[in-house]
Amino acid sequence: MHGDRIGLAIALRLMSAATFTLMNACVKLAERAGATLGEVIFWRQFGAAILVTGVIAAGPGLATIRTQKFGAHVLRAVVGLTAMGFTFYGITALPLAEVTTIGFTIPVFATLLGALVLKEPTGWHRWGAVVAGFVGVLIVMAPGLGPGDGHLPLIGALAALTGAFGTANISILLRTMGKSGSPLTLVFWFSVLALLPLGILYFFVAQAHSPAAWGWMIAVGVLGGLAQLAMTGSLRFGPVSVVVPMDYFSLIWATLLGWWLFQTLPNATTWLGAPIIVASGLYIIWREHVRRQRETVPTMPSP
């Protein structure tokens, strides 16, 4: 792959990380302005569905959304929507830096699930990274175990961790689905199928809001859709091992936005646990890159 493509992939992934962080901040602001969790999630998916449909219509064409694995897309939508619900609850309950840090456990969970569910070969290197990642989580969540100012709400931390686990399940599900369409097709079916139950829920929870609340909810949808497209584009122009580590820059954006918008800074234990979680995730990504290189290198014939 040419260097200019790698540069574009990295730029798109950095854009995705920053935009997802902005979306998370808007989720908190919408909730503080009076929006319910169901309303916020509905607008998140509605915005993504509009954007991805427009991109597909303007690019490869709507005919490309045809799929032979509709049932798998339905399952993916159920798992994804459940994970999003837990994640968004964590966003409303925790400071931005803490919920972002807990989200970094996704590659740790994915490695664990890959070994247990898909029986993927997992050596002691990656098992060690999994253990280290969970040690980092325990350090970050430790304040939630006691009362007092500055302590993380344990329910919120567990919700964010459950959301990360659900997101890791999606990666396992996508591996079992195989080649079921382009990344844009996957995003389209998730966004559209999730709108069906969300539309029913929205009918019961929708209420009048201030202009500010409507603005934050619409921003959640627009930013979520843009971030999803940028993330998809990054994987089109660059390998996973190059672009995914860019996600860890979101901790910087989350810390700055948390300080600027909500006057919060990460707890001391977050400063201790976050580097451990990040290091474990990066090591897992690197080991996966090494494994794939070994699988693709042709073996020399025996003399």
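**Close-up 1. Helix 9 gives the most to the lining of the second largest pocket, with five residues.** This is a predicted model, where local features need pLDDT of at least 70, side-chain atom pairs count only at pLDDT 80 or more, and totals for chains, interfaces and linings use all residues. Residues are numbered from 1 along each chain as its sequence is written, and side-chain values use heavy atoms, without hydrogens and water. A pocket is an open set of points on a 1 Å grid over the protein atoms alone, where a 1.4 Å probe fits, with protein on both sides within 12 Å along at least five of seven lines; lining residues have an atom within 4 Å of a point. The second largest pocket has a volume of about 230 Å³, the space filled by probe spheres set on the points. Helix 8 (183-205) and helix 9 (211-237) each supply at least two lining residues. Helices are DSSP runs (H or I, at least four residues), numbered from the N terminus. Among the lining residues are L12, V55, P60, S182, L229 and R236. By class, the lining has seven nonpolar, three polar and one charged. Nonpolar means Ala, Val, Leu, Ile, Met, Phe, Trp, Tyr, Cys and Pro; charged means Asp, Glu, Lys and Arg; the others, Gly among them, are polar.

**Close-up 2. Helix 2 (residues 37-58) packs with helix 8.** Their angle is about 145°, and their axes lie 8 Å apart. Axes are lines fitted to C-alpha atoms over the stretch in contact, and angles run from 0 to 180 degrees between N-to-C directions. The contact of helix 2 with helix 8 has 20 nonpolar, five polar and one charged residues.

**Close-up 3. F42, W43, F46, Y202 and W214 form one aromatic cluster.** The whole structure holds 13 aromatic pairs. Rings of Phe, Tyr and Trp (its six-membered ring) pair if their centres lie within 6.5 Å; planes under 30 degrees apart are stacked, over 60 edge-to-face, and the rest tilted. The rings of F42 and W43 have centres 5.7 Å apart and planes at 85°, so this pair is edge-to-face. F42 is buried, at 12% relative accessibility. W43 is buried too, at 19%. Buried means under 20% relative accessible area, exposed over 50%, and partly exposed in between (1.4 Å probe, protein chains only).

**Close-up 4. Y283 and W286 form a tilted aromatic pair.** Their centres are 5.7 Å apart, with 40° between the planes. Both lie in helix 12 (residues 268-296), three residues apart, about one turn of the helix. Y283 is partly exposed, at 28% relative accessibility. W286 is partly exposed, at 45%.
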